[in-house]
Amino acid sequence: MYCPQCGAKNVESAKFCYACGTPLAPSASVPEEPKAPEADESMNQDAALEQGTPVSSQQPADNQAFQNTGYVEPHATSIRAQSAPANSGVGSKIAAIPTKQKAIIGGVVAVVLVAVVAVVVFLNSGPSNGTIEQIVRENVSTKDMSTGSMWSDGSDYSIKSVKVLNKQKDSMQGVSSYQVMGVRISDPYSARIEIVFANNDSEVTKQGNINLVKANGKWDTIYFSGSDLETTGTKVTGGVDEKKVIQNMGTILSTADASGYSTSLSSLYGNGDFKVKKSDLNPDEATDTVKISCKSSSTYSESKGTITAKFVYGGNGWELNSVDASDDIDKVSYQKLVGTWTGKFKSQSSSEECFGGKANPVKVTITKVDDETGEVEGTFSGVAHNHKTPDNAEDSDAGDTVLTDVPFNMVFTFNSSWSYPSDDYECPQDANGKVTFSLSFGDDAEAKIKTSYLPGSIFDSSYYYDTYTLTKDN
């Protein structure tokens, strides 16, 4: 039976509750508690407890006395009634899962948690670096950047790379968003960026700030053109344009003339041929040293030498810094005159003409030319007029004297502007009298034989002057 006062279970014959001492009447028993499911091995003990049968075979020695007062072991039934069956509930199901499957399930749960955290962070981290880079590329203009000097190839700059150095969320003074001309503006951010611009000559690094907002939910910038960017570095990647060097040789020659040469290089090489022999680029020092071979050639003369032009890379690209030239740059060589030249009769100057020179055209052989002194040596052959002035123009006269291999030695006066020599030479007596032989090398090569006096002749006119156009034999 159960105590009506405290609910403790007592044997049916007990007169007093063993727990609280309340008198027990036969009709005072409390309705029996519903039985809780028990393990099979405890069934007999529970049945014995419900029937008031002692469950312990090891009761105290005075157990009989307790039985007389209605004692029953109090804890077994109450404990079992409050305990869940050993194999029931979520915990028992989890415990039954194999260890390997538990590890897999745990890993999946961890990945899901990380992904959730990442999404939360992403949604609250502002524009991504990729978004900022795209906005920068769409808004930065390079048209105002210098595309190089007269020595560069003029290639345009383009954006090589964009790097986000840092970014931060800006305040809207307590306002989450506002609307401008139908566009909802929110989430202002500012970023510090670094842009590398590149062309064929250099890479220019610039830094600056860009302000970004969400416009109708899409990241954009209110205004950004890159005009306020600060240049933080320049790296030289390419030297001067060799074609531009050749095109602007006039500037290089004029710069060299400032050093003072015996002959103006600008005049001497005004129509010269130039070729870049070597270009030595030093990116660390931002210099480019260019060696240029120079050659000026005419029919009769030649000059050649080497010019070394040093360029320095500055804010506007490559600039000419200095010019040096080889020692022989202003020297003129006339060795092209050496050889045999054949003359064609061109004209005669006289009161009445005798064209004896037509049948015996002049031939000039130059054997030596001294470039320093201008001395020219050689021989000539031709006709001297040893006769009276004819009454009419004649093809020849019996007094025409053929001159053969008459030696001459003259000193040319070199014209520094055109490098064309010319001089007159009065032949010795073995040329049968006073015969003046002259050479000139200008637009045309000419030889002139002037007969002004021959012994035994009576001249009615003062002289005969035959002019020949010279062509050099191969």
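**Exercise 1. Find how many salt bridges the structure holds.**

Solution. The structure holds six salt bridges. The term means a side-chain nitrogen of Lys or Arg within 4 Å of a carboxyl oxygen of Asp or Glu. This is a predicted model, where local features need pLDDT of at least 70, side-chain atom pairs count only at pLDDT 80 or more, and totals for chains, interfaces and linings use all residues. Residues are numbered from 1 along each chain as its sequence is written, and side-chain values use heavy atoms, with hydrogens and water left out.

**Exercise 2. Work out which parts the pair K160 and E203 ties together.**

Solution. Start with the contact: K160 and E203 form a salt bridge at 2.6 Å, N to O. Next, place the residues. K160 lies in strand β1 (residues 158-169) and E203 in strand β4 (residues 202-215), so the bridge ties together parts 43 residues apart in sequence. Strands are DSSP runs (E, at least two residues), numbered from the N terminus. Last, check E203: its relative accessibility is 17%, so E203 counts as buried. Buried means under 20% relative accessible area, exposed over 50%, and partly exposed in between (1.4 Å probe, protein chains only).

**Exercise 3. Locate the partners E446 and K346, then decide whether each is buried or partly exposed.**

Solution. The closest N and O atoms of this salt bridge are 2.7 Å apart. E446 sits in strand β18 (residues 445-453) and K346 in strand β11 (residues 339-349), so distant parts of the chain, 100 residues apart, are linked. E446 is buried, at 14% relative accessibility. K346 is partly exposed, at 45%.

Methods:
Helix = DSSP H or I, 4+ residues; strand = E, 2+ residues; numbered from the N terminus.
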